[in-house]
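Here's a quick tour of one protein chain, going from the overall fold to a couple of spots worth a look.

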Amino acid sequence: SVICYASQSLQRLSHYWANDIDFSVLMLRHFLEDTEAYAEELTDPLSPVEDQLSKTLTMEEKIIKVTSFIKVFNSVMKGLGQHLSPTVSPTVTWTFLYDCLARMLSVVLKMLSLSVDFELVITGNECAWLLLNLLQNKTCPAHEDLYQLLDLEISLIPQLTNTALSSTLQLVAKVVKELSANLPLELVQRILKPGSLLLELRLTPCENIHRGIVAIYHSLLSLKNIPLLKEAYRLILTDLDSAYRLLVPELKLLCSGIEPTDRTTYDENKVESIVIFQLKALTDIANASNSLIGMWVLQPTILDLLASRLIPQSVGRVRPSLMYTQLYLLYSHCSRHSHFITTSSLVGVTHGRPAVSSLLGLPASDISQQSPTCGHF
């Protein structure tokens, strides 16, 4: 399309923009001001904007024009890349990036309040993602608008196309990752609480959406804020308990404090897939190198969860594929943290077993075949 071609053409000029950051920042300011002014005119009923035929623009046309403005802004940012970071280019200030994020979020929220447009959702999410990538863990007042945008998009999940939904999931994962220290507890609960619209996407056949959900789980389990991490872990184990209990009714509680209202009712035909997804979500923290949080802070620990609570009660009760998945995760966790000697014949590789590493999202190279230091043996 013409827009895609224009975007590619703009990005080809990135070499020149990087050589003159002052000009690039000024150009971005102008794009930002034009976008904001145009959106303001379009949403002001007292100042109708007319097209070339002197006809009042429809709402769809208004949103398309605003979306195009934001796409131009995104194209320039992508072209500049890390040259737009204050740590690389002293000319660029954190205040400038804060201002860009705040004003763009204001425009997107204003337009979405008038009409939900999938292309605007995708473009607005991309803009926020690019700015967060530059700001990283910096705190700014615009984060409240960012949380408002996430709340809105999560509520719109049933209406979103796969592409827009994938974009939303990427932004959620990015927000959790970059703002982990200052993330509101309500957002963590909204993502993981029983009945969450996001949880319903775990069994989607769309690969991009599935990857997006897994990325959100991994971001939540990588939080540096210990209280938030504990809450995320508790909600995940509560959900795992609800699903696993259909397979093993007398299962001991996986974590303390589970109330009946915390439980989710699952279709028995989908339970195994839900459990495997939960185990896949736990692989990141289970196999994080030298993760003291995963080994000691979380209760129960990954080792206790698998070796004491799940696997012993699963023998003869669950399908071999699920049993093997749990054993493989336990094996990979113990190998990474030196809980046993990997060269022992008790844990040696047996030919003929199906590979389960793909189910957990683990490359085979993640599991060391060398004997570890046995520091915890």
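## Surface and overall make-up

Accessible areas here come from the Shrake-Rupley method with a 1.4 Å probe. On that basis the protein chain exposes about 18,400 Å², and carbon and sulfur atoms supply 55% of that area. Keep in mind that this is a predicted model.

As for secondary structure, the protein chain has 16 helices and zero strands. It runs to 377 residues, of which 48% count as buried. Take the contacts between residues at least 6 apart in sequence: 76% of them join residues at least 24 apart.

In soluble globular proteins, nonpolar side chains tend to be buried together. In this chain, the largest nonpolar core holds 113 residues. Helix α5, spanning residues 94-114, gives the largest share of this core, with 11 residues.

Which residues have the most contacts inside the core? They're Val175, Leu183 and Leu192. Leaving aside residues up to four places away in sequence, Val175 touches Leu132, Leu146, Tyr147 and Leu150, and also Ser180, Leu183 and Leu187.

## A look at Asp304

Asp304 sits in helix α14, which covers residues 302-314. Is Asp304 buried, partly exposed or exposed? Its relative accessible area is 22%, so Asp304 counts as partly exposed; buried would need a value under 20%.

Asp304 and Leu330 are 26 residues apart along the chain, and their C-alpha atoms are separated by 9.8 Å.

Conventions. Residues numbered from 1 in each chain as written. Predicted model: local features only at pLDDT ≥ 70, side-chain atom pairs only at ≥ 80, totals over all residues. Heavy atoms only, no water. Core = buried A, V, L, I, M, F, W, Y, C linked by side-chain atoms within 4.5 Å. Buried < 20%, exposed > 50% of the residue type's maximum accessible area, 1.4 Å probe, protein only. Helix = DSSP H or I, 4+ residues; strand = E, 2+ residues; numbered from the N terminus. Contact = heavy atoms within 4.5 Å.
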